[in-house]
Amino acid sequence: MKKNPLLGRDVISMRDFGREEIKTVLARCDEFERNPRPVLKGKVLANLFFEPSTRTRLSFDAAMKRLGGQTIGFADSISTSISKGESLWDTIRVAEGYCDVIVIRHPAEGSARLAAEATSLPVINGGDGSNQHPTQTLLDLYTLQKRTGRIAGLTVAFVGDLKYGRTVHSLIRSLSLFGAKLWLVSPPSLRLPDDFKEDLAEAETSHVEVEDLSAVPADVDVLYVTRIQKERFADPVEYERVRADYQVTPATVQRFGGKLTLMHPLPRVNELHAALDSHPGAAWFDQARNGVVVRQTLLALVLGAA
Ligand code: CP
């Protein structure tokens, strides 16, 4: 019997995942990629997206269909009864009657946890505000493992919006379980919030906060660049002030070694130059593509079919 650490579980936060569980999930993704099987025939996924998405929603859709299952859902709340005042709790209680597993993306932090409390079906967090994006982290780790052969002991520089970037919050927590050394590069107003620094302190993770990418050593293994999250700023003037400061270009990365892996969860706006697409370490389209097999594996695991 193969290990299934996710059977019947919710996937809400990387804080709920230990090192061995992450290793097992990544191994099951690898196995699934080598031997894909339509193991979810007759099952239905509800994709409930209260916030815009391209990758997360479409890759969950593709994943479920490739597993032989079907999908229902919505891409925004305007066309749902939320616009008439229905609560998230009631929406989930109703949706559970139509499906076997729920994926939710919502602008409010804690919304995925609330959804999980409303139903006994497995709930997968597709991003809750600026809090967590656990399936992005699992596909980031899977991509890193495939490209570099390891996820342990890496030196990683996170660049950009570390305050609102949920992909950063989830990935930092997981890398800290694998002995990473971190560089946190952001303007002072977008530094990593204290509650996520507690994750680093708990794991005794070495980390240095700097304002300028030029302070990061040239032998860093990974640059993880993030978009400044315009939609989370209360003050548009503050957004304008910081948005142009963190642009990564071919000239910026020239001084880093040939083994550099360059990552970005996408979408990108102007923080990552399109000419970097031809950099040998550019991983963003691989990350997006790997989202399908990782999400196939997660769906199969939570539903006990892998
Ligand atoms: N990386 C990511 O979550 O992309 P989307 O917002 O398009 O889903």
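A polar contact is taken here as a pair of N or O atoms within 3.5 Å. The model is predicted, with pLDDT of at least 70 required for local features and 80 or more for side-chain atom pairs, while totals for chains, interfaces and linings use all residues. Residues are numbered from 1 along each chain as its sequence is written, and side-chain values use heavy atoms, leaving out hydrogens and water.

An oxygen atom of the ligand lies 2.7 Å from an N or O atom in the side chain of Thr56. The backbone also takes part: a nitrogen atom of the ligand is 2.9 Å from a backbone N or O atom of Pro265, and a polar backbone atom of Leu266 is 3.0 Å from a ligand nitrogen atom. The protein buries 92% of the 250 Å² that the ligand exposes when taken alone (Shrake-Rupley method, 1.4 Å probe).

The surrounding shell (residues with a heavy atom within 4 Å) includes Ser53, Thr54, Arg55, Arg105, His133 and Gln136.

Conventions. A polar contact is a pair of N or O atoms within 3.5 Å; within protein, one must be able to donate a hydrogen and the other to accept it, and residues adjacent in sequence count only if both atoms are side-chain atoms.
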